[in-house]
Amino acid sequence: IGILAFWFPPLQAPGSLRSRAFFEQAAENGFDAFALTVEPGGRATPPAVGEYAPPAGMRVYRFPGFDLGCWLSSGGKPLATSPSSTASPAPSRWKAALRSAAYAAYRNLLCFPDQHLPWYWQARERIAVVIAKEQPDVLLVSAHPVTAFLIAAWLKRRFPELPWVADYRDPWSTHS
């Protein structure tokens with residue numbers, strides 16, 4: 001079983017807990033599972049919080065991602081992967097306002113279906129290499145973000161015999 005989920009430990013979000021549960025329950029039920037997820041931290045993805053060691057024998061493949069909100073909030077600097085004891089100075093008002101306006105424009109004009117869309121272009125070819133190597137019987141795709149479904153649809157064109165299951169959490173919410 002391949003599990004494609006942007007939110008996966010050590011990232012902190014409710015979706016991370018859900019994809020972790022799918023991953024670990026697969027092992028408990030005798031399935032060979034692997035996870036496909038984003039690389040936390042770095043220049044433009046949420047930082048990791050804590051540590052996560054997958055169950056023995058289970059593989060986690062991580063791919064670079066981009067989240068403009070994280071990048072703008074960091075001022076374009078690499079994000080720390082753990083809390084720092086030295087606080088950085090607050091940006092000037094005009095810089096903060098400019099970043100806020102840029103983020104609002106991105107979210108309202110370019111961010112469709114969600115703010116993680118650049119991950120689609122960054123990760124899909126690399127994910128296809130892992131799919132070809134691992135040859136899963138099924139791909140479980142967990143969203144939010146919906147970009148994961150776009151990656152799965154692209155993979156379906158590359159691997160037409162690979163069935164995938166969509167896990168769409170909280171469809172009543174306003175996640176975007």
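Predicted model: local features only at pLDDT ≥ 70, side-chain atom pairs only at ≥ 80, totals over all residues.
Let me begin with helix 1, which covers residues 14-28, has 15 residues and reaches 21 Å from its first C-alpha to its last, close to the 21 Å expected at 1.5 Å a residue. Within helix 1, the buried residues are Gly 15, Ser 16, Ser 19, Phe 23, Glu 24 and Ala 26. They cover an arc of only 165 degrees around the axis, which means that they sit on the same side of helix 1. As a reminder, an α-helix has 3.6 residues a turn, so residues three or four places apart point the same way.

What covers that buried side? The cover over the buried residues of helix 1 includes strand 1 (2-5), strand 2 (34-38) and strand 3 (59-63). On the face turned away from the buried side, helix 1 carries the exposed residues Pro 14, Leu 17 and Glu 28. After helix 1 comes Gly 30, and its phi is positive, near 85 degrees.

Next, please look at the loop between strand 1 and helix 1, where you will find Phe 6. Is Phe 6 buried or exposed? Phe 6 is buried, with a relative accessible area of 0%.

I would now like to turn to an acidic residue, Glu 134, which lies in helix 4, residues 118-134. Glu 134 has a relative accessible area of 18%, and because the cut-off for buried is under 20%, Glu 134 counts as buried. Which residues does Glu 134 touch, if we leave out those up to four places away in sequence? They are Phe 34, Arg 59 and Tyr 61. With Tyr 61 there is also a polar contact of 2.3 Å, which joins the side chains of the two residues.

Finally, let me come to strand 4, residues 139-143, and strand 5, residues 164-168, which run parallel and are joined by 5 bridges. To give one example of the pairing, Leu 139 has Trp 164 in strand 5 as its bridge partner. Together with helix 5, residues 147-158, strand 4 and strand 5 make a right-handed β-α-β unit.

Technical notes:
Residues numbered from 1 in each chain as written. Heavy atoms only, no water. Helix = DSSP H or I, 4+ residues; strand = E, 2+ residues; numbered from the N terminus. Expected span 1.5 Å × (residues − 1). Buried < 20%, exposed > 50% of the residue type's maximum accessible area, 1.4 Å probe, protein only. Arc of directions from axis to C-beta. Contact = heavy atoms within 4.5 Å. Polar contact = N/O pair within 3.5 Å; in protein donor to acceptor, adjacent residues only side chain to side chain. Pairing = 2+ DSSP bridges. Right-handed = clockwise from strand over helix to strand, strands pointing away.
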